[in-house]
Amino acid sequence: MEDIIKRRIENKVRQTVEAYQSREDVKTAFGEPQVRYISTVHPMFDTFFARGENDHPKHIWRPGYTLIVYYLPFAEDIPKAGQGEEKTNPDWLTAISESRWLAMEVNAAIAEMLTKVGRIYSRCSTMMDWNRKLHRYNWSNKIAGRLAEIGTFGPAGSLRTEYGYGGRVGTMMTDGVFLKKPEPVDAEVLEEKFQQILTECCFAGARGVRCSREMIEACPGGAIAEEGIDREKCQAYCASISEADPCPEVCGRCFGF
């Protein structure tokens, strides 16, 4: 039964993307969506929560057992954020906005499908819950995407996949048990993975971070130094682009490094 539900989820995501980008008012082209599943009791969620880097799925919704993680890549012909240019590419900003609306429609479609098969569910975030004090979203869809092996992290928490760094990650939770409970992992192994992810993000203070001169000069907000990205300065510049959602995606100038 669970395999049938998973296939229905994947079909629903694909159909929703196709219907959305066929609309005349949508300018963004999307590639083939990817869907993965990960347990809400994956031990890395405990590590991120304990380190103050992400909310915990069980804290958001205790009945949840499986995270449905999907990735909506921008098509190859979507211009990049604007690396080497004076301003962020306006087509990039359009894609960021339209992908957020698409993710909301995907969430609604998954919720409707789960209801029909008798599963309960919860959304994980509003996709606009940026925490200015912590310089991050309260819940990171991208961390879920990283743990679900959709891709690895790049500068400023960008997600790098086989399709590049342009795209939107979304998550939903369900009480359905789609996979086995994760095996326990040694604390030292979890800490090593956590440090590796921070290094991938090039955040200042992370172990072994070294940013190139080209990457430093590409940042219009002066948030990047050789030793990493200052998250507060990054947020301050991104707020000048989007006061409501000052996340790195609205700039994205360092994502390609």
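Q: Why is E200 called buried?
A: Its relative accessible area is 17%. Buried means under 20% (exposed is over 50%, partly exposed in between; 1.4 Å probe, protein chains only), so E200 gets the label buried.

Q: What kind of model is this, and how are its residues numbered?
A: It's a predicted model, where local features need pLDDT of at least 70, side-chain atom pairs count only at pLDDT 80 or more, and totals for chains, interfaces and linings use all residues. Residues are numbered from 1 along each chain as its sequence is written, and side-chain values use heavy atoms, leaving out hydrogens and water.

Q: What makes R146 and E200 a salt bridge?
A: The rule asks for a side-chain nitrogen of Lys or Arg within 4 Å of a carboxyl oxygen of Asp or Glu. R146 and E200 come to 2.8 Å, N to O, and that's a salt bridge. R146 lies in helix 5 (residues 141-147) and E200 in helix 6, so the pair ties together parts that are 54 residues apart in sequence. (Helices are DSSP runs of H or I with at least four residues, strands are runs of E with at least two, and both are numbered from the N terminus.) R146 is buried as well, at 15% relative accessible area.

Q: What makes R231 and E53 a salt bridge?
A: Their closest N and O atoms are 3.0 Å apart, so this pair passes too. R231 belongs to helix 8 and E53 to the loop between helix 2 and helix 3 (57-60), so parts 178 residues apart in sequence get tied together. E53 is buried, with a relative accessible area of 16%.

Q: What does the side chain of R168 reach, then?
A: It reaches the backbone oxygen of I96 at 2.9 Å. R168 itself is in strand 8 (residues 167-174). Leaving aside residues up to four places away in sequence, R168 touches Y70, Y71, L72, I96, S99, R100 and A103, where touching means heavy atoms within 4.5 Å.

Q: How do you describe the packing of helix 2 and helix 6?
A: Two packed helices are described by the angle between their axes and the distance between the axes. Helix 2 (residues 43-50) and helix 6 (residues 187-201) pack at an angle of about 65 degrees, with axes 10 Å apart. Where they meet, P43, M44, T47 and F48 come from helix 2, and L190, K193, F194 and I197 from helix 6.

Q: Why is V189 called partly exposed?
A: Its relative accessibility is 38%, so it counts as partly exposed. V189 lies in helix 6. V189 and M44 are 145 residues apart in sequence but 9.9 Å apart in space, C-alpha to C-alpha.

Q: What makes the phi of M127 worth a look?
A: Most residues other than glycine have a negative phi. M127 isn't glycine, yet its phi is positive, near 70 degrees. M127 is in the loop between strand 3 (121-123) and strand 4 (130-131), and at 6% relative accessibility it counts as buried.

Q: What about the phi of C202?
A: That one is near 65 degrees, a positive value in a residue other than glycine. C202 lies in the loop between helix 6 and helix 7 (213-218), and at 13% relative accessibility it counts as buried.

Q: Why does D230 count as partly exposed?
A: Its relative accessibility is 29%, so partly exposed is the label. D230 is in the loop between strand 10 (228-229) and helix 8 (231-241). Not counting residues up to four places away in sequence, D230 touches A204 and A223.

How values were computed. Polar contact = N/O pair within 3.5 Å; in protein donor to acceptor, adjacent residues only side chain to side chain. Axes fitted to C-alpha atoms, helices over the stretch in contact; angles between N-to-C directions.
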